[in-house]
Amino acid sequence: MASLRDIKNRINSTKKTRQITKAMQMVSAAKLNRAQEKAQSYEVYAKKMREVVGNIAQAGSDTSHPMLEERPVKKTGYILMTSDTGLAGGYNSSLLRDMMKTINERHASEDEYAIIVLGRIGRDLLRTRKQPIIQEMVEVPDQPTFNDVSGLAKSSVEMFADGVFDELYIWYNHFVSPMTQRVTEQKLLPLASVNEGDETSSTSLYEFEPSEQQILEAVLPRYAESLIYGALLDAKASEFGARMTAMSAATDNASALIDELTLSYNRARQAAITQEITEIVGGAAALE
């Protein structure tokens, strides 16, 4: 049986750990609130951008753009969005597992795909598995601005335009709730989905100046870049939700462990006192 001192030391160390996990839980909750507000406000811009692009694409004119056209797929690009730090439960592991499973099912060799990765966790694991990383970004800010990722987003779109790959997917965790994050694969390029439209786009009429084709050439790359940024904001909210949930569970587990150790300490202390009383009574009896 552990000594009273050992149990007391474990109780003290567990209490310190609980203080840390509780603080991390509160910090993640505050960051989650800011990330949700930012993602929701950006959604208004993204929705309007999609409406304008969809309206041009469905106008029935002679407008066309390589980013809207399907082509034979010789190589596929993947953008993977992970976190820079851990302590977020299964946030990174489930995302990486599902993406690698999909890649192995789709491709026979590494020459058929390339990966653009955000986040130190994803980058390090893909390097360990010797995956074809063509671009990376680490130390992504907790509250990223468009300028923070514009370089990566622009180069990703340019690589599609230059034929480095023929289709591009984004893999990230979609925020459902602080306790639920859904692994999501979104096809970014070509932008065939904008031709499907939605109910709001069919009720809006636009007059374009200059020509629709000129506007399409200017707007489409920006729209594709905005989809990458929007996915990153969603992924950040998911990261903070997952970390808040993980730290909450760790705090609860620490409290439960402290209760168990306190009970063990009290039992050991009671046994030690009982043993001392027994020895004193036995010694007194021997002197009579």
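Is Tyr 78 buried or exposed? Tyr 78 is buried, at a relative accessible area of 0% (buried means under 20%, exposed over 50%, partly exposed in between, with a 1.4 Å probe and protein chains only).

The model is predicted, so local features need pLDDT of at least 70 and side-chain atom pairs pLDDT 80 or more, while totals for chains, interfaces and linings use all residues. Residues are numbered from 1 along each chain as its sequence is written, and side-chain values use heavy atoms, without hydrogens and water.

**View 1. Strand S4 and its neighbours.** Of the 11 residues of S4 (residues 167–177), 8 are buried, so the strand is largely enclosed by the rest of the structure. Strands are DSSP runs of E of at least two residues, and helices are runs of H or I of at least four, numbered from the N terminus. S4 pairs with S1 (residues 76–81) in the parallel sense over 5 bridges; pairing requires at least two DSSP bridges. Ile 170 in S4 faces Ile 79. S5 (residues 180–189) runs antiparallel to S4, with 9 bridges, and a hairpin of 2 residues connects them.

**View 2. Aromatic pair Tyr 42 and Tyr 45.** The whole structure holds 5 aromatic pairs (Phe, Tyr or Trp rings, the six-membered one for Trp, with centres within 6.5 Å; planes under 30 degrees apart are stacked, over 60 edge-to-face, the rest tilted). Tyr 42 and Tyr 45 form a tilted pair, 5.4 Å centre to centre with 50° between the planes. Tyr 42 is buried at 14% relative accessibility, whereas Tyr 45 is partly exposed at 36%.
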